[in-house]
Amino acid sequence: MRSPKSESQNVPVDMKRKMEKAGILFRSVLYSRLDDVYNSYAELKKDGVIHEKVFNAYLAFFDKDKNAKCPNAVSLFITATPQPQLRITFHTGDRVIQGIIPPTYAQFREREGAEPILKKILDPLGFSFVRGYVPLKRMAVQSGLAEYGRNNLTFITGSGSFYKLAAYFSDFPSVEDFWREPVLADSCKNCSACMKACPTGALAGDRFAVHAEQCLTFVNELTTPFPDWVRPEFHHCLIGCMRCQAICPRNKPFMNLFDDRAEFTIQETDDILSGTPLDKLSEMTQHKLEKSELSGESYATLGRNLKVLINNRAHLI
Ligand code: B12
Ligand code: SF4
Ligand code: SF4
């Protein structure tokens, strides 16, 4: 039995309070706010700001047809869950490499994320929610949860840019629905450190939006060979890139927080470097990869990316 609308009105505030207690920032807006965001994307695509290759690889899959996932959706919840860098240790014959995986690659742990909280609140009221794939940064900024940085990432107080965003569609009828135009953080107004630190020129300064097709992350997340303009010394992570976050003064308090996930022996490292298929690795190696968030799609690029780090002599201890 669903609770009447009048009883639902305090629920978004209660959700926010419970999420914040768990360290998660939370906003609730009308589902129809998504139209505003998709319209801005359509314009950027028309103007060529969104590159076709990037659109086809990531943006073409955004949830646009609400009937497909949550036909009665009227609300959209946005969450920001803090996440540190992951650190994975690899032993080779003569050295030890500490490979970094930037924040947001880790999946949510079942018990830690926002979902158990939403379930506990919405189930007894007779409402449901489902995870949605939507443009998260713009939703987070316009709902007041975060602000854009010049590096094109979003920032929140207390975590810098080290957090994972997520969105949920729901039939729950009551939301706070704060909404504003996209804003640039005050801290960026007299700073351009991230632009200078970007190794590839993806933050070129000719426009606000990153040239995503030139971003190192775009290049090393794909299995296709590195283009010639990508110099090996650009790479410094097992996947992705930390340069425009590591240099940012707002991230300074979080730079030395690491989640050490696993340590691979010489034999295990050799197996990875030689491109052994995932299912042919020992059970222990597969388990360690899973713990390191590297057993999914990221395994396809791991051997190649790790080889570059070893050749670069990056993160040696
Ligand atoms: C596609 C994608 C990528 C692509 C393309 C990046 C891009 N900016 O388009 C690639 C592979 C390159 C990439 C790289 C990275 N990504 Co990424 N990516 C995504 C994804 C799936 C969609 C992003 C998107 O919508 N892009 C389209 C562009 C047009 O949107 P936008 O950047 O918000 O652009 C808006 C602004 O430019 C604004 N705007 C335009 N003009 C102006 C002017 C002013 C003054 C202002 C304020 C705003 C403004 O309007 C634009 C459109 O709305 C999201 C997850 C999701 N579901 O949203 C993660 C996501 C954005 N990525 C994330 C991360 C962490 C990264 C990396 C740091 C990865 C890494 N560590 O290696 C890099 C950072 C690159 C960078 N500097 O931006 C996080 C960001 C978390 C955060 N704190 O903000 C997200 C949200 C994933 C997550 N679940 O948390 N990513
Ligand atoms: S490095 Fe400076 S300009 Fe770039 S996001 Fe951080 S504060 Fe903003
Ligand atoms: S993630 Fe790296 S390559 Fe991409 S914009 Fe930031 S510094 Fe440049």
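**Helix packing and salt bridges**

A: The crossing of α2 and α6 is right-handed, that is, the near helix is turned clockwise from the far one by less than a right angle. The model is predicted, local features need pLDDT of at least 70 and side-chain atom pairs count only at pLDDT 80 or more, while totals for chains, interfaces and linings use all residues. Residues are numbered from 1 along each chain as its sequence is written, and side-chain values use heavy atoms, without hydrogens and water.

Q: Which residues of α2 and α6 make the contact?

A: Two packed helices are described by the angle between their axes and the distance between the axes. Here V11, D14, M15, K18 and M19 of α2 meet I117, L118, I121, L122 and L125 of α6 (contact: heavy atoms within 4.5 Å). The axes of α2 (residues 11-21) and α6 (residues 115-125) come within 10 Å and cross at roughly 155°. The two helices are therefore roughly antiparallel (angles over 145 degrees).

Q: How many salt bridges does the structure hold?

A: Side chains of opposite charge can pair when their charged atoms come close. The structure holds 15 salt bridges (a side-chain nitrogen of Lys or Arg within 4 Å of a carboxyl oxygen of Asp or Glu). One of them joins E268 and K288 at 2.8 Å, N to O. E268 lies in α11 (residues 266-273) and K288 in α12 (residues 283-291), so the pair ties together parts 20 residues apart in sequence.

Q: Is E268 buried or exposed?

A: E268 is buried, with a relative accessible area of 7% (buried: under 20%, with a 1.4 Å probe and protein chains only). K288 is likewise buried, at 14%.

Conventions:
Chains are lettered from A and ligands numbered from 1 in the order in which they are written. Axes are lines fitted to C-alpha atoms, for helices over the stretch in contact, and angles run from 0 to 180 degrees between N-to-C directions. Helices (H or I, at least four residues) and strands (E, at least two) are DSSP runs, numbered from the N terminus. Angles under 35 degrees count as roughly parallel, over 145 as roughly antiparallel, 65 to 115 as roughly perpendicular and the rest as oblique. Buried means under 20% relative accessible area, exposed over 50%, partly exposed in between (1.4 Å probe, protein chains only).
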